Amino acid sequence: MATAFCPLLLFLLLLPLFVTANLHKSKTLLKSSLFSSTTTSHLNDTPPTTYFEATKPIRLPKTQPCVYPILHHDFGYTYGKPPVLAEYIPPSHCPSHDFSKIVLEWNATCKGRQFDRIFGIWLDGVELLRSCTAEPRATGIVWSVKKDVTRYYSLLVKNQTQSLAVYLGNLVDRTYTGVYHVNITVYYYPAEKKFNDFGSNLENLASGYGSRADLILPISRNFPLNDGLWFEIENSTDTEGKEIKIPQNVFRAVLEVYVSFHESDEFWYGNPPNDYLLANNLTDKAGNGPFREVVVTLDGNVIGAIWPFTVVYTGGINPLLWRPISGIGSFDLPSYDIEITPFLGKMLDGKTHTLQFRVTNALNVWYLDANLHLWLDGKNTYTEGKLLQHQVMPLGISYSSDFKGLNGTFLTKANRSISLTGWVKSSHGKITTKAIQKFSYSNSMVMGDNGNVQMVNQEIHFDDSVQVKKPYTFSKAKKSCKRFLIDLYSKNMDQGNRTYLSVANVTLGFNEKKFGVKAAGYKMPVSSLENLQNGQGVMVVKNNLVVSGVGSTQQKYKYEGNKFCYFRNISSSNYTILNDEVGNACNGSTGSSFGFGFSSRWIPSS
């Protein structure tokens, strides 16, 4: 058996703590801590605990949805077995087949003892959802994930039988007793009014979400498989991908990439540098430092990159932190859009091209796949294009260290930019698209108390913009500015008798601000998201079993859009909600600062 996890701290290399996110083949494994089970007669009378990820609700039309239950399955011993398949045919019983919103819902229950598991849902090879299961308790748990999947409209309403695939690699035996009982349902909401034609709206051209692609091609593995459809990146030289051929009447292309990290790289942001491991004779432990970059290439040319958000799965750092409030992004892992329209001039030749992925400094294992969203010219059989500019700034990375023995300080910084410009001529005119990605990164790491204390402060700035222009018109653009933060403080204290006390504080921040940019560079705020999570946990671990502990979590979620706002301030401690404030009133401005998401940092008292 193999489990997908990696130690975050040096002392965890010696005294393992972290709970797994999935099962995966590996020859170098450390055992994870499990919660010791309690068997009392009242457990059957205790209602299950509801877990959830705090996020804004999906805005729904007032129409009554058509409900389509697709799959019911009990995921017992499914590790190393093929994905579960179900036939998917768009519902014929709906009074209307013009839908303004389509929602995918995952509902699951589990009871007993079980690790967290990564899972994915694919339709005809196109990934719809990447998620992590909740970790159960003896009295049982229930959780649901609702995702707006309207951007996959052309796939979801295709009038033919397609295959829905679900992979959740689970293990059931005397120790791991939890079976995941799952229901998957799709809700189709009829439109209240017609959508504007995409081709006539240049505002939508600069957004991956403003309209529906006419065709979505899967960049994922083909059957038969005994795993998920994702590609597996096992080291820094590994490259995986797929050959594709696109229709010759495409006028826009967006690559949507799904990313998750496991085993030796589950906690990559806390991996020590190799020189530190070598000096301390710890070369068999996870290293390569704390910087990672997903690189996407087309026919060997770099077309985009992803510096991912540090999702902490439901068993990560201290499992009690994520009960019942799950970590940011853990139930609905973010996907990342890369505008590759400028490269259509290289792809519209009717020939096969190769899309590939690699991960800088990767250790085993990363799961990657993508969906290629294509917009087709309904009036022409052929479009034409030309790549005007392709500028990839080499990765700039710096590293400094000052350590003696197991104690020291380490600073890693990185930056990169990628710029693509090209035009495509279609029935909508000759449109020039310029796509820019800019990244900056900083990771400060401190090891202390002879390796028993680790502090990590990491921040990623991830900005991208897309500008479109027709001849003799002003250009229009949209820009997204993302800030990803993780702060960690961890300490291990030996209590004797094969027992140790583990203390962990964590701060997660996911902020994103979107702008519309019009003539003369005038910016119009479109939306602002500030999502901050703080957690404090203590666990007593004996013989690799968590025998007691406490976890407290606080989260502030604030979203402001032009037509919709949402606020939630929530806190919990050991399965119990202490405070929950919810609001949906807009304050009249989307120009709020990112400051609150980065001003609250947990500082250890000792």
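Buried means under 20% relative accessible area, exposed over 50%, and partly exposed in between, computed with a 1.4 Å probe on protein chains only. The structure on display is a predicted model, in which local features need pLDDT of at least 70 and side-chain atom pairs count only at pLDDT 80 or more, whereas totals for chains, interfaces and linings use all residues. Residues are numbered from 1 along each chain as its sequence is written, and side-chain values use heavy atoms, with hydrogens and water left out.

**Stop 1: the disulfides**

Select cysteine 94, which is buried at a relative accessible area of 5%. A disulfide (a pair of cysteine sulfur atoms within 2.5 Å) joins cysteine 94 to cysteine 66, with an S to S distance of 2.2 Å. Cysteine 66 lies in strand β3 (residues 66-75) and cysteine 94 in the loop between β4 (84-88) and β5 (99-110), so the pair ties together parts that are 28 residues apart in sequence. Strands (E, at least two residues) and helices (H or I, at least four) are DSSP runs, numbered from the N terminus. Cysteine 66 is likewise buried, at 7% relative accessibility.

Next, select cysteine 565 and cysteine 586, which form a disulfide with their sulfur atoms 1.8 Å apart. This pair links distant parts of the chain, 21 residues apart: cysteine 565 is in strand β29 (residues 565-573), and cysteine 586 is in the loop between β30 (576-583) and α5 (596-599). The link is right-handed, with 110 degrees about the S-S bond. Cysteine 565 is buried at 3% relative accessibility, whereas cysteine 586 is partly exposed at 41%. The structure holds two disulfides.

**Stop 2: an open sheet**

Select β13, β18, β15 and β16, which form an open antiparallel sheet in that order. Two strands pair if DSSP finds at least two bridges between them. β13 (240-244) and β16 (301-306) stand at the edges with a single partner strand each, so one side of each lacks a neighbour in the sheet. Five bridges join β13 to the antiparallel strand β18 (residues 353-360).

**Stop 3: threonine 341**

Move to the loop between β17 (335-339) and β18, where threonine 341 is placed. Threonine 341 is buried, with a relative accessible area of 3%. Display its contacts (heavy atoms within 4.5 Å): leaving aside neighbours within four places in sequence, these are Phe251, Arg252, Ala253, Val424 and Thr433.
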